[in-house]
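Please work through the exercises below with the sequence and the model at hand. Each task is followed by a solution in steps.

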Amino acid sequence: MTPTLPSGDQASDQDNWDNGRLAHKRQLLTEIILRNRLTALVVDGDTTCRVLEQLLLHSYGVQTQGVDNGRDAIALIASGVKFNLIIIDMILSVLNGLEATRQIRDMGVHCKMLGVTACSGESERQAFLAAGVDVFIEKPLDPEHLVPILRELDGQ
């Protein structure tokens with residue numbers, strides 16, 4: 001049965017196919033995440049970006065914690081909290097994302113680290129990768145980049 005739109009018009013076959021496909025992918029991914037209880041730390045000094053990144057992760061069933069600077073991220077990890085994924089911005093107050101990433105890796109943390117930034121130059125990408133992130137993504141973080149990472153984490 002084709003869903004009825006509020007205006008009474010029928011959705012096109014293409015709309016129904018896309019919505020069904022996306023809903024199915026989301027359901028499968030959510031089952032994977034819930035089965036594995038994935039957790040993520042979001043480190044972003046911009047409150048709006050941090051909240052949006054956490055909401056995106058929550059939409060896939062990932063439990064998140066968020067902090068707004070590198071020092072707090074280091075302290076949280078040093079306290080013994082473990083994460084499957086750390087998403088960290090390059091530009092942070094107190095301790096920038098590059099130095100925070102180095103320190104996190106020096107602490108022996110081997111989880112997947114995703115570096116995100118509005119600075120998309122090759123030098124920024126190289127610096128972030130050299131600091132220890134596994135993946136570099138230009139903001140905004142979107143499902144196209146996030147879903148393959150979550151699927152990879154499912155295989156671990």
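The exercises that follow concern a predicted model and treat salt bridges, a helix, a strand and some backbone features.

**Exercise 1. A network of salt bridges**

Task: Determine which residues are linked with K139 in a network of salt bridges, and where in the chain they lie.

Solution. 

Step 1. Begin with D44. Its side chain meets that of K139 in a salt bridge, with an N to O distance of 2.8 Å. D44 belongs to the loop between β1 (39-43) and α2 (47-59), whereas K139 belongs to the loop between β5 (135-138) and α6 (143-154); the bridge therefore ties together parts that are 95 residues apart in sequence.

Step 2. Turn to D89. The side chains of D89 and K139 also form a salt bridge, at 3.1 Å from N to O.

Step 3. D44, D89 and K139 make up a network of salt bridges.

Step 4. Check the accessibility. D44 and K139 are buried, and D89 is buried as well.

**Exercise 2. A salt bridge within a helix**

Task: Describe the separation of E99 and R102 along helix α4 and classify both residues by accessibility.

Solution. 

Step 1. The closest N and O atoms of E99 and R102 are 3.3 Å apart, and the two residues form a salt bridge.

Step 2. Consider the sequence. Both residues lie in helix α4 (residues 97-106), and because they are three residues apart, about one helical turn separates them.

Step 3. Apply the accessibility limits. Partly exposed residues fall between the buried class, under 20%, and the exposed class, over 50%. E99 therefore counts as partly exposed at 29% relative accessibility, and R102 counts as partly exposed at 35%.

**Exercise 3. The buried side of helix α3**

Task: Identify the buried residues of α3 (residues 70-78) and the elements against which they pack.

Solution. 

Step 1. List the residues. G70, A73, I74, L76 and I77 are the buried residues of the helix.

Step 2. Examine their directions around the axis. The arc they cover is only 165 degrees, so they are on the same side of α3.

Step 3. Find the partners. The buried residues of α3 pack against β1, β2 (63-67), β3 and α4.

Step 4. Inspect the ends. At the N-terminal end, N69 caps α3 through a side-chain oxygen that lies 3.0 Å from the backbone nitrogen of R71. After the helix comes G80, with a positive phi near 105 degrees.

**Exercise 4. Strand β3 and its neighbours**

Task: State how many residues of β3 are buried, which way they point, and how the strand is paired.

Solution. 

Step 1. Count the buried residues. Five of the five residues of β3 are buried, and the strand is mostly covered.

Step 2. Sort them by direction. L85, I87 and D89 point one way, while I86 and I88 point the other way. This can be compared with a general rule: side chains in a regular strand alternate between the two faces of the sheet.

Step 3. Examine the pairing. β1 and β3 run parallel and are joined by four bridges; V43 stands opposite I88. β3 and β4 also run parallel, with five bridges between them, and I86 has M113 of β4 as its bridge partner.

Step 4. Follow the connection. β3, α4 and β4 form a right-handed β-α-β unit.

Step 5. Look at K112, which is found in strand β4 (residues 112-117). With a relative accessible area of 14%, K112 falls under the 20% limit and is therefore buried. Among the residues that K112 touches are L85 and I86, together with D134 and V135.

Conventions: Residues are numbered from 1 along each chain as its sequence is written. This is a predicted model: local features need pLDDT of at least 70, side-chain atom pairs count only at pLDDT 80 or more; totals for chains, interfaces and linings use all residues. Side-chain values use heavy atoms; hydrogens and water are left out. Helices (H or I, at least four residues) and strands (E, at least two) are DSSP runs, numbered from the N terminus. Buried means under 20% relative accessible area, exposed over 50%, partly exposed in between (1.4 Å probe, protein chains only). Contact means heavy atoms within 4.5 Å. A salt bridge is a side-chain nitrogen of Lys or Arg within 4 Å of a carboxyl oxygen of Asp or Glu. The arc is that of the directions from the helix axis to the C-beta atoms. A polar contact is a pair of N or O atoms within 3.5 Å; within protein, one must be able to donate a hydrogen and the other to accept it, and residues adjacent in sequence count only if both atoms are side-chain atoms. Two strands pair if DSSP finds at least two bridges between them. A crossover is right-handed if, with the strands pointing away from the viewer, the path from the first strand over the helix to the second runs clockwise. Lists of a residue's contacts leave out its neighbours within four places in sequence.
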